[in-house]
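Subject: Structure for you, with notes

Hi there,

Here is the structure I promised to pass on.

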Amino acid sequence: MNKILIITAPSGSGKSTIIKRILEIFPQLKFSISACTRSQRATEVNGVDYYFISVDNFKRKIINNDFVEWEMVYEDKYYGTLKSELDRIWSENNIPLFDVDVKGALHVKRMYGNNTTAVFIKTPSEEVLKNRLIKRNTDTPQSIQERLEKAAYEATYASKFDYIVINDDLEVAVQEISTIIQNFLS
């Protein structure tokens, strides 16, 4: 059975930065591109950052059982991983690295069992998370509050993951996750 690496974290935990570094360290890992229904941002490329699809098309793919996992993260904002994406990565003899929300991560873990390693990244505190979200300068105060509430909810699932890494120092977190991955791959 093919392996899968899952990394999840609340928004603002440093997950994207860590994933970028991990992909540079481990060339056999390939980012599993998610499908989503949100609007494409100016800097994003379809098929590289996400597969941008309409809500109707996404719902059709749900009915056709085309997803490994999917979730309506916010009202009419669907995200999911297409089975064809895993097949693409495995056909290249690589290992998919999932960047998914907590529920999606746990669903994939249940489906693929011991062939997965799942890492949950946390910030040292809610205050640190709030400051990171504010510094990003991409969200309204209401959106920041929603993200903090979602982060608190997601943190209740942390113990269900194989590993919990606290991202207080980026270099330490990257090293810790690199060791986890090295053990998983060997």
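Ser32 sits in the loop that joins strand S2 (29-31) to strand S3 (35-36); helices here are DSSP runs of H or I with at least four residues, strands are runs of E with at least two, and both are numbered from the N terminus. This is a predicted model, in which local features need pLDDT of at least 70 and side-chain atom pairs count only at pLDDT 80 or more, while totals for chains, interfaces and linings use all residues. Residues are numbered from 1 along each chain as its sequence is written, and side-chain values use heavy atoms, with hydrogens and water left out.

With a relative accessible area of 1%, Ser32 is buried (buried means under 20% relative accessible area, exposed over 50%, partly exposed in between, with a 1.4 Å probe and protein chains only). Which residues does Ser32 touch, leaving aside its neighbours within four places in sequence? Ser32 is in contact with Thr81, Glu85, Leu86, Ile89, Pro96, Leu97 and Phe98, where contact means heavy atoms within 4.5 Å. Ile18, by comparison, is 14 residues from Ser32 in sequence and 15 Å from it in space, C-alpha to C-alpha.

Glu85, Leu86 and Ile89 also turn up in helix H3 (residues 83-91), whose buried residues are Glu85, Leu86, Ile89 and Trp90. These lie on the same side of H3, because they cover an arc of only 130° around the axis; the arc is that of the directions from the helix axis to the C-beta atoms. After H3 comes Asn93, with a positive phi near 60°.

Next, the salt bridges. The rule is a side-chain nitrogen of Lys or Arg within 4 Å of a carboxyl oxygen of Asp or Glu, and by it the count comes to eight. Three of them may interest you:

- Asp99 and Lys15 meet through their side chains at 2.6 Å, N to O. Asp99 belongs to strand S7 (residues 95-99) and Lys15 to helix H1 (residues 15-25), so this pair ties together parts that are 84 residues apart in sequence. Both Asp99 and Lys15 are buried, Lys15 with a relative accessible area of 15%. Beyond its neighbours within four places in sequence, Lys15 is in contact with Ile7, Thr8, Ala9, Asp99, Val100 and Ile121.
- Asp162 and Lys109 form a salt bridge at 3.0 Å, N to O. This one links distant parts of the chain, 53 residues apart: Asp162 is in the loop between H6 and strand S9 (163-166), and Lys109 is in helix H4 (residues 102-112). Asp162 is partly exposed at 36% relative accessible area, whereas Lys109 is buried at 17%.
- Arg41 pairs with Glu44, their closest N and O atoms being 3.8 Å apart. Glu44 counts as buried, at 11% relative accessibility. Arg38, Arg41 and Glu44 are linked in a network of salt bridges.

Lys109 brings us to H4. The buried residues of H4 are Val102, Gly104, Ala105, Leu106, Val108, Lys109 and Tyr112. What covers them includes strand S1 (4-8), strand S5 (67-74), H3, S7, strand S8 (116-122) and H6. Gly113 follows H4 and has a positive phi near 50°.

How do H5 and H6 pack, in angle and axis distance? Helix H5 (residues 126-136) and helix H6 (residues 141-155) pack at about 145°, with their axes 10 Å apart. Here axes are lines fitted to C-alpha atoms, for helices over the stretch in contact, and angles run from 0 to 180 degrees between N-to-C directions. On the H5 side the contact is made by Glu126, Leu129, Lys130, Leu133, Ile134 and Arg136, and on the H6 side by Ile144, Arg147, Leu148 and Ala151.

Finally, two backbone details in loops. Asn65, between helix H2 (55-63) and S5, has a positive phi near 60° without being a glycine. Asp76, in the loop between S5 and strand S6 (77-82), is not a glycine either and has a positive phi of about 60°. Asp76 is partly exposed, with a relative accessible area of 37%.

Best wishes
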